[in-house]
Amino acid sequence: MIESLLVANRGEIARRIIRTAKRLGIRVIAVHSEADADLPFVAEADEAVLVGPPNPALSYRNTEAILAAAKSTGAQAIHPGYGFLSENAEFARTVEASGLIWVGPDADAITAMGDKINARNLMAAAGVPVAPGTTEPAADLGAAVTAAAEIGYPVMVKAAAGGGGMGMGVAVDEAALRTEYDKVRAFAERMFGDGSVLIERYFPRVRHVEVQILGLADGRVVALGERECSVQRRNQKLVEESPSPAVSPELRSRLLAAAVRAGEAVGYRNAGTVECLLDPATGEFFFLEMNTRLQVEHPVTEYVYGIDLVEEQLRVASGLAPTFDPDALTPSGHAIEMRINAEDPKRFLPGPGVIRTWVEPTGEGVRVDSGYTEGNTVTPFYDSLLAKLIVSGATREEVLERAGGAVAAFQIVGPKNNVPFFAELLENEEFRSGAYDTGIVSRMR
């Protein structure tokens, strides 16, 4: 097993990784920006290194500073968490070229899945269903218009190098396409350094379902069930649950088999997620993208399968067998995760500030993965995620009941937060029925 680990991230995911690593007896090094010096993850690490000012480009994405921190502290491995450098193939290569262990998939897999068009083409070749769309970037507006006419409106205009719900827009006709194409292209160039755009079919009433995969040290790829991720605002997830209320045993079998084929197509190792769009009316699903990292929502899978995904990541990176029997994976129970963000619960606009009161819920089946505590300042430099409230139980009905009590008990005073939204959602009949789709939040607003 790895003996020392540098966590190249911050907030809740840094604390999450630190917790498992310390349980396994691994010495943990945290890196932090000046803005995060007082956050819990810094104090909980065995050692902490300042890597730069608040601007993430100069701190958490500062590859030279992070590698220097690893060298100065004698770290043996680097875990990137999610976001920041987690899907940066060049950084993964540099880490390994420096003689360090990269806790994630290899750089070739990251590269293959990082370009949405290349990923679509690879998946189609592997027999994974893909939505109708372009097989190469729309070089200009004219090419986009031609492609959209062939695919049929409405269409999704997407940044080929995008991810995390960023760099996409919907066009219902050619006039809208002309606007969205220019907007997405400009955004993609600014955010990802790559203005390539793809066009694909847009499904107005669809569910977002993903499959957790794990590429083992012996070369096998296994699927650890699916997660429902359809509660979204601005194409970004707010709630995830496992198993999905929309997935039958027969559909689950097809989904998981397709996800395994997706992983095998790129020789995948470590944790990853195959995201799909599901048409609940027909049972058809289509590959959306593969996230070559640990997902924010991984805890719901941990509860349903009874494993620690971070531990499994570390075991794969160490060349060790998993803690479970890959041939006897059996899910049990249900789990729901709610992303507690520092944002207005109505319009979902960011609301940083000083946390004057922070009281986490407790009780059977209740887990909180938090990045902050009372007295901390939520700054505007990073993602608005404060914590993840995860609730588990034997049935979805039991989880909904526990979740209502947990949300009511979660007290945050200071920054704006979306806890009231979850109280509203848990009383929403569409959500409670399980028959919801990606438009549920817009219908609530």
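## Sheet

Strand β2 (residues 27-33) runs parallel to β3, and five bridges join the two. V31 stands opposite V49 in β3. Strands here are DSSP E runs of at least two residues, and helices are H or I runs of at least four, both numbered from the N terminus. Two strands pair if DSSP finds at least two bridges between them.

The open sheet has five strands in the order β3-β2-β1-β4-β5, with parallel pairing. Its edge strands are β3 (47-52) and β5, each pairing on one side only.

## Model basis

This is a predicted model: local features need pLDDT of at least 70, side-chain atom pairs count only at pLDDT 80 or more, and totals for chains, interfaces and linings use all residues. Residues are numbered from 1 along each chain as its sequence is written, and side-chain values use heavy atoms, leaving out hydrogens and water.

## Helix α4: two faces

Helix α4 (residues 89-97) has the buried residues A89, F91, A92 and V95. They lie on the same side of α4 because they cover an arc of only 160° around the axis. That arc is taken from the directions from the helix axis to the C-beta atoms. Buried means under 20% relative accessible area, exposed over 50%, and partly exposed in between (1.4 Å probe, protein chains only).

The buried residues of α4 pack against α3 (63-73), β4 (77-79), β5 (101-102) and α5 (107-114). Contact means heavy atoms within 4.5 Å. Exposed E90 and A97 sit on the face turned away from the buried side.

## Helix α4: ends

N88 caps the N-terminal end of α4. A side-chain oxygen of N88 lies 3.1 Å from the backbone nitrogen of E90. Just after α4, G99 takes a positive phi of about 90°.

Notes: Polar contact = N/O pair within 3.5 Å; in protein donor to acceptor, adjacent residues only side chain to side chain.
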